[in-house]
Amino acid sequence: MIRKATLLAALLALTVVATAPGAAAAKSAKAIRQTVAVSISSISPQVPTAQTDVIKFTGSLRNDSGAPQNGLRVRLRYASQKFADRAALTTYQNDQNPATLWGIGSQNSFMDVPALAAGAQARWEFTATPVQLGYRSFGVYPVAVEVIQNGVQVMTQRTYLTYAPPTVPKLPRNKLAIALPVIDQPHRGTDRDAKSGAPLFVDDKLSQSITGKGRLADLARIAQAAPKAVTWFLEPSLLDDLDAMKNKYRVKVKGKDETQEKPANPEAANWLTTMRTALASSPVVAVPYADPDVAALAHQGLDTQTGRAIELGRQKTAALLQREVKTNINWPPAGMLDADALDLLSVSKDPVDTVLLNSTNLPPQPPVPFTPDAASTLDSVSGPITALVADTELSKLFEPAAPTSVLLSTQRFIAETAMIAAEAGQTSPRSLVIAPSRRWDPNPTLVNALIRTANKLPWLHLTSLESIKQTKLSVPRAGLTYTDQDRKEELTAKYLDPIKDIASKAQLTSLITEAKTPSSFDAAVLRLTSSAWRNSTRAGRAVTTQVRAAVAEQTEKIEITGAGPSWTRTLAGSSGKVPISVKNELGVPIALYIDVTSNNPELLQVDFPQDKPMTINPRQSGMVQVQMSAAPGTSGDATVTVQLKTSDNQPYGKPQRLTIRITGYTGIASVIVGAALTVMLAAVVMRVLRRRSERKLAHAAKTRENENV
């Protein structure tokens, strides 16, 4: 017989939906459930193991109405029939109709509550042994606490009790891997403000997230308490943003073309230090930088971005955590990918050999009546890939959809994992994976309690994610199931097409440099491809506009001087060399080719072979002399197109049209010289003739003079 205990003043409670037959009873039930709350605060021990264990159930009842409540009774409901499978657990939990509790057993124990004043609360307590509850074997049993008023059932609170006596044979100890994500959305577009050089943020949301009860602050608390077997997925651009906040930074003012200076944030440095210390010995996987939408990139022709994201993610995370990190495990957005995305991951420079997936992405085929092993194998263009499938129900317990107590979640976790261990036909350990949603907002108290519970249950062995491999226990699966709806969830072609153009131009800013160092826009472009923009494309497009402007500004720092319709260059004569100058305003040397093409080949020919690229030092100009030849007798204007090209012959910037003025001076000069020579010759002849005539006249005069004498 279950012993009844005295009702005492106590604590907080949880209201549960209820129904009762009859119009009057229904009206009364509605009123009471709006004003009275019941909760279960403890079950001790949580897992009884012997028939004589004394199990204590305690909780509270609170009157939130504005008037005293009379005729209240608290009753413990239980059944000696254990749940048959995990589906029965879910059905029991989802059915919150108090009337259905009558079907779980006939034995009960109750306690009458004296008149409960407005705002008052009373503590209830029941004790029992497994023998008294009718438990005979290992299993999970339903337990509930209901509230009755004047004989009408008005409210219930359901939970579970796992009875775990020794079994023969001994239960298998299943391997359990817990994957916890630290993933956020990008908070910067370009790395730095072009004017001040300070880090430039599009918002200041991280300041709130890393302090108090902020999401990232909660994740840090979990990291500090979690055992070393828990595997952590860290998003590098988040670490990168927080590292930038350690110094003065600027934030764009919403709706205005201006920025606001922010002081260095010491909390950012503290958060990074906390995570670095807490995870020093834990398995850490670096998510590709900015968490790109890999499936969308594969489908929209941005293949190279995935490999760069993996590489940059490893570099940034390792530098900021000051340790080596893994990149061979990929957890795609929503845990969903298709064969195209899988192939893209497998052929990257840092190839992925393991993927963590949602259960709907890789279902068993045919369906099985038990919990399948988490590990399976997929085929990719690079060979076999290990697929780890997260258990949906266990993962939901780490991230409940509605507020719940730690006790109820823990009891459900114990029940679920016990049911898995006791499933018929399972004599060898299987593998289980827990993975809450990637941008979750966790309750540290709940998560830490669940992890502690997992670490002490005798039918579980907590292990790292990487230790789980496919075994002979793995079940056949249907292959990657990726629906049309999954495709609709991706970043669209309309969103990604401008980014494709930006990525191409950003890459040129690297290829034009002499050293060919990685583009300074790699991180910015990857932020534009983040899966965070799936549900926020407007914000993503705003950041895209900012990055596009920055890339254009960078590109324009290398330009042909004197380009434009008002500028002309003169070709003196029918052939000659025309100078073309290029200015480099970057802080690094560049190497480029200059391609010059005549737009009027019938008037003007260009002969400018360039065997090797021209190098121009930082903030200097370089000049080439381009041989040009005009058609005979030509004068006037012709045009040429000048295109700068990188050392691997890719066009850089927009082509520029130059006007070449052909003067024809060589032909005109011949006419002028010929005419001048003719005039000079005529003058000489006239002078010779004049002098000869003068001599004849003088001689004649002298002869006459002699004759007269």
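Two strands pair if DSSP finds at least two bridges between them, and strands (E, at least two residues) and helices (H or I, at least four) are DSSP runs numbered from the N terminus. The model is predicted, so to speak of local features a pLDDT of at least 70 is needed, side-chain atom pairs count only at pLDDT 80 or more, and totals for chains, interfaces and linings use all residues. Residues are numbered from 1 along each chain as its sequence is written, and side-chain values use heavy atoms, with hydrogens and water left out.

Strand E24 (residues 575-584) is joined to E28 (residues 620-630) by 10 bridges, and the two run antiparallel. Here Ser 575 has Ser 629 of E28 as its bridge partner. E24 also pairs with E22 (residues 558-560), again antiparallel, over 3 bridges, with Ile 560 opposite Val 582.

Now for the interior. A nonpolar core is a set of buried Ala, Val, Leu, Ile, Met, Phe, Trp, Tyr and Cys residues joined through side-chain atoms within 4.5 Å; buried means under 20% relative accessible area (1.4 Å probe, protein chains only). The largest core has 70 residues, and Trp 232, Trp 271, Phe 398, Phe 413 and Trp 459 touch the most other members. Helix H12 (residues 406-421) gives the largest share, 7 residues. Leaving aside neighbours within four places in sequence, Phe 413 is in contact (heavy atoms within 4.5 Å) with residues including Leu 176, Phe 398, Ile 434 and Leu 460. A second, separate core of 31 residues includes Ile 55 and Leu 407.

Key:
Buried < 20%, exposed > 50% of the residue type's maximum accessible area, 1.4 Å probe, protein only.
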